[in-house]
Each structure stands twice: as structure tokens, then as C-alpha cells.
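Subject: Structure handover

Hello,

Here is the structure I promised to pass on to you. Please have it open while you read, as my notes on it follow just below.

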Amino acid sequence: VLLNALASAPITALDTGYKGTQLKATMQLGTQKTIFKPKRYPRDVIIEGDPYKGLDMHTAEIVGFHLDGILDFRIAPPVAGRKISLNALKNVTSKALLETYFIQGNADRHHYETYAFASNLSIKLVHLDNGKSFRNPSHDELSILAPLRQCCRLRRSTWAKLLQLKQQGPLSLILERSLKRDPLYPILTQDNLVAIDRRHRLTIDHVMKCIAQYGNSTVIVDT
């Protein structure tokens with residue numbers, strides 16, 4: 001229901017977005033406030049070089065949400081693709097947004113923010129930004145695995161899920177089935193799907209190396 005609402009509910013207001021490095025807007029769907037990120041690249045673009053530079057991939061936000069659910073992390077906010085006519089939004093767009101985006105053409109207004117939700121002294125982190133993903137299917141950014149490679153610790157539930165997906169997979173097929181629910185499907189290119197399976201294997205291989213060096217009871221932990 002929520003994803004359907006994100007994809008089709010009437011847009012009642014559009015305003016400047018929260019702080020960050022990328023172009024975004026706050027989009028009101030009735031009483032619900034959401035974040036809108038426009039398409040900046042075609043889905044089959046390949047971006048080489050520094051993985052932190054350039055514009056966000058709108059498809060990456062969609063894939064990040066679906067992959068988060070498959071891995072059972074539940075830390076990514078709901079995301080749905082949506083086709084929008086900008087001309088149809090003029091009547092609901094704030095003056096501040098119009099002056100920022102359509103007149104000055106400046107897409108480089110940026111700050112960083114970190115969000116956390118606390119309840120009963122427990123903290124739940126929400127990963128809000130996955131836009132730098134799936135930019136180059138030929139390059140595996142192994143620096144992302146640095147915490148695993150250096151500390152050799154992994155939650156038992158995460159390890160079980162990685163192995164389960166290996167048995168049920170390939171992961172790319174499971175992900176592709178999930179992505180078919182999105183209005184913008186197809187989301188990923190075949191090269192990116194192949195890359196997902198390769199990175200899944202690389203992650204498992206790194207854990208196995210840790211287990212071989214330190215033992216299962218040391219590497220696989222409950223908390």
C-alpha cells in the first residue's frame with residue numbers, strides 16, 4: 001500500500017529538500033511528506049573514477065530499498081519509482097524551489113545530515129542515501145568491505161542470510177523478481193545484475209577467510 005501511494009498518490013506540494021550533496025525536493029502526498037530525487041542519468045550509464053563524485057543514480061535508491069529488504073536489514077526507507085511531468089507540478093511548487101532549480105540552475109547546494117530514531121533508549125539508524133550505487137558494474141569497490149576485512153566480525157543472522165541467498169539464488173534473480181514491482185522496471189542492467197552476484201560471492205569469500213584464520217566462534221557473533 002505504501003509503495004503504491006509513493007508511486008501514484010496526488011502530489012499536493014513541492015518544496016526545497018533536506019540538506020545534502022544532491023539535487024532533491026520535499027514532495028507532499030496529501031498529509032505525507034516524502035523526498036523526491038529526479039533522474040539524472042539513464043539506467044545504463046557507466047561512471048568511472050572516484051566512487052563518491054558525480055550525481056546520484058535514481059535507480060540505486062530503488063535497488064537499495066529492495067536489497068535491504070531481501071537481506072532483512074530493514075534500515076532503508078521505502079522507495080518507489082515514479083514518472084512525473086514537471087510542467088504539471090508548477091501549480092504546487094514553492095517559490096523557493098522554483099528560484100533555486102529553474103532560474104539559477106545551481107544543483108550544488110549541499111550539506112550533510114545524519115538521522116537516527118530513538119525509542120526506549122534504543123537507537124534505530126535509517127540509511128537515507130544509496131544514490132552512489134550501481135555506477136560501474138565492472139568495478140568492485142572493495143574498500144566498502146574494510147570493516148569486515150579489518151575486524152573479521154559478522155552477525156550470525158547476517159551470515160545465515162548471505163548463505164541462504166547463495167543456496168536459494170542467485171541473488172540477482174531474487175532481486176530482479178522484487179524489482180518487477182516497481183513502476184520504473186526494468187531498474188538494473190544485466191551487467192549490474194551480474195555484478196551483484198559477483199559481489200555476493202566476494203563478501204562470502206572474505207568471511208570464509210576470516211573464519212579460516214580466527215575460527216567460526218570468533219568471527220560469527222550474536223550481537
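**Salt bridges**

K132 is partly exposed, with a relative accessible area of 25%; in these notes buried means under 20% relative accessible area, exposed over 50%, and partly exposed in between (1.4 Å probe, protein chains only). Before going further, please keep in mind that this is a predicted model, in which local features need pLDDT of at least 70 and side-chain atom pairs count only at pLDDT 80 or more, while totals for chains, interfaces and linings use all residues. Residues are numbered from 1 along each chain as its sequence is written, and side-chain values use heavy atoms, with hydrogens and water left out.

The partner of K132 is D56: their side chains meet in a salt bridge at 2.7 Å, N to O. The term stands for a side-chain nitrogen of Lys or Arg within 4 Å of a carboxyl oxygen of Asp or Glu. Helices (H or I, at least four residues) and strands (E, at least two) are DSSP runs, numbered from the N terminus. D56 counts as buried, at 5% relative accessibility.

A second salt bridge joins E61 to K37, and here the closest N and O atoms are 2.8 Å apart. Again distant parts of the chain are linked: E61 belongs to helix α2 (residues 58-70) and K37 to the loop between β3 (32-36) and α2, 24 residues apart. Both ends are out of the solvent by the cut-off above, E61 being buried at 8% relative accessibility and K37 being buried with a relative accessible area of 18%.

By the rule given, the count comes to seven salt bridges.

**Disulfide**

A search of the whole structure finds one disulfide, meaning a pair of cysteine sulfur atoms within 2.5 Å. The bond joins C152 to C210, with 2.1 Å from S to S. C152 lies in the loop between α4 (146-151) and β6 (154-155), C210 in helix α7 (residues 190-214), so that distant parts of the chain, 58 residues apart, are linked. The link of C152 and C210 is left-handed, with -70° about the S-S bond, and both cysteines are buried. What about C151? That residue is in no disulfide, and the nearest cysteine sulfur, that of C152, is 8.1 Å away. C151 is partly exposed, with a relative accessible area of 47%.

**Sheet**

Three strands form an open antiparallel sheet in the order β1-β2-β3; two strands pair if DSSP finds at least two bridges between them. β1 (13-16) and β3 stand at the edges with a single partner strand each, so one side of each has no neighbour in the sheet. The twist averages 30° from one strand to the next, where axes are lines fitted to C-alpha atoms, for helices over the stretch in contact, and angles run from 0 to 180 degrees between N-to-C directions. Strand β2 (residues 25-29) pairs with β3 in the antiparallel sense over five bridges, and L29 stands opposite Q32 in β3.
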